Amino acid sequence: MNKERLLNVAKALREAPNPTAFTMATFQECGTPACALGHYAARQDLQTAFELGEIWGIVPRGQRDEYGNRSMTLEYAGTEVCEHFGITHVQATELFADGGEHTPVGCGNPNNAIEAAEYIERFVAENS
């Protein structure tokens with residue numbers, strides 16, 4: 001597990017500009033990140049692997065589709081995300097799931113960004 005990277009997700013959440021508007025389920029209509037992984041992707045000072053897509057989603061940093069758009073959305077528990085954090089698919093689902101069909105909401109279904117940060121910090125402490 002890459003503790004530093006996971007703790008940087010928590011840092012991005014703790015420093016969220018509007019932590020009470022946080023949700024793990026969807027991106028905000030204005031295009032700002034909603035989920036824990038989205039807050040991390042938006043923070044280019046904390047990581048260089050991901051960025052936010054042009055419309056929604058998280059994409060590999062610098063990769064573009066055939067039209068030059070940032071639109072190749074990564075799965076929250078996909079290979080790129082799991083390898084980046086050094087976690088399993090099950091662990092990525094526990095942390096980053098959006099609560100789709102048959103999947104609980106990640107980070108214990110937090111009510112705000114601080115609760116999500118605390119969940120990730122506990123996860124790192126318990127799995128180190």
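**View 1. Ala 25 sits in the loop between helix H1 (3–14) and helix H2 (36–42).** Before we look around, remember that this is a predicted model. Is Ala 25 buried or exposed, or something in between? Ala 25 is partly exposed, with a relative accessible area of 41%. Now follow the chain to Cys 35, which is 10 residues away from Ala 25 along the sequence.

**View 2. Cys 35 and Cys 107 are two cysteines without a disulfide between them.** Let us start with Cys 35, which is buried, with a relative accessible area of 10%. Cys 107 is buried too, and its relative accessible area is 3%. How far is the sulfur of Cys 107 from the closest cysteine sulfur? That sulfur belongs to Cys 35 and lies 9.1 Å away, which is too far for a bond. A disulfide needs the two sulfur atoms to be within 2.5 Å. In total, the structure holds 0 disulfides.

**View 3. Helix H4 (residues 89–96) packs with helix H5 (residues 113–126).** Two packed helices can be described by the angle between their axes and the distance between the axes. Here the angle is about 155 degrees, and the axes are 10 Å apart. That makes H4 roughly antiparallel to H5, because an angle over 145 degrees counts as roughly antiparallel. Which residues of the two helices meet? From H4 come Gln 91, Glu 94 and Leu 95, and from H5 come Tyr 119, Ile 120 and Phe 123. Sorted by type, the residues of this contact are 4 nonpolar, 1 polar and 1 charged.

**View 4. The largest nonpolar core holds 32 residues.** In soluble globular proteins, nonpolar side chains tend to be buried together. Which members of this core touch the most other members? They are Leu 6, Leu 13, Phe 85, Phe 96 and Ile 120. The elements giving two or more residues to the core are H1, H2, strand S1 (50–52), helix H3 (79–85), H4 and H5. H5 provides the largest share, with 7 residues.

**View 5. Ile 120 has contacts with residues from other parts of the chain.** We met Ile 120 in the contact of H4 with H5, and again in the largest nonpolar core. Setting aside neighbours within four places in sequence, Ile 120 is in contact with Leu 6, Val 9, Ala 10 and Leu 13, as well as Ala 36, Leu 95 and Cys 107.

Note on methods: Residues are numbered from 1 along each chain as its sequence is written. This is a predicted model: local features need pLDDT of at least 70, side-chain atom pairs count only at pLDDT 80 or more; totals for chains, interfaces and linings use all residues. Side-chain values use heavy atoms; hydrogens and water are left out. Axes are lines fitted to C-alpha atoms, for helices over the stretch in contact, and angles run from 0 to 180 degrees between N-to-C directions. Helices (H or I, at least four residues) and strands (E, at least two) are DSSP runs, numbered from the N terminus. Angles under 35 degrees count as roughly parallel, over 145 as roughly antiparallel, 65 to 115 as roughly perpendicular and the rest as oblique. Contact means heavy atoms within 4.5 Å. Ala, Val, Leu, Ile, Met, Phe, Trp, Tyr, Cys and Pro count as nonpolar, Asp, Glu, Lys and Arg as charged, and the others, Gly among them, as polar. Buried means under 20% relative accessible area, exposed over 50%, partly exposed in between (1.4 Å probe, protein chains only). A nonpolar core is a set of buried Ala, Val, Leu, Ile, Met, Phe, Trp, Tyr and Cys residues joined through side-chain atoms within 4.5 Å.
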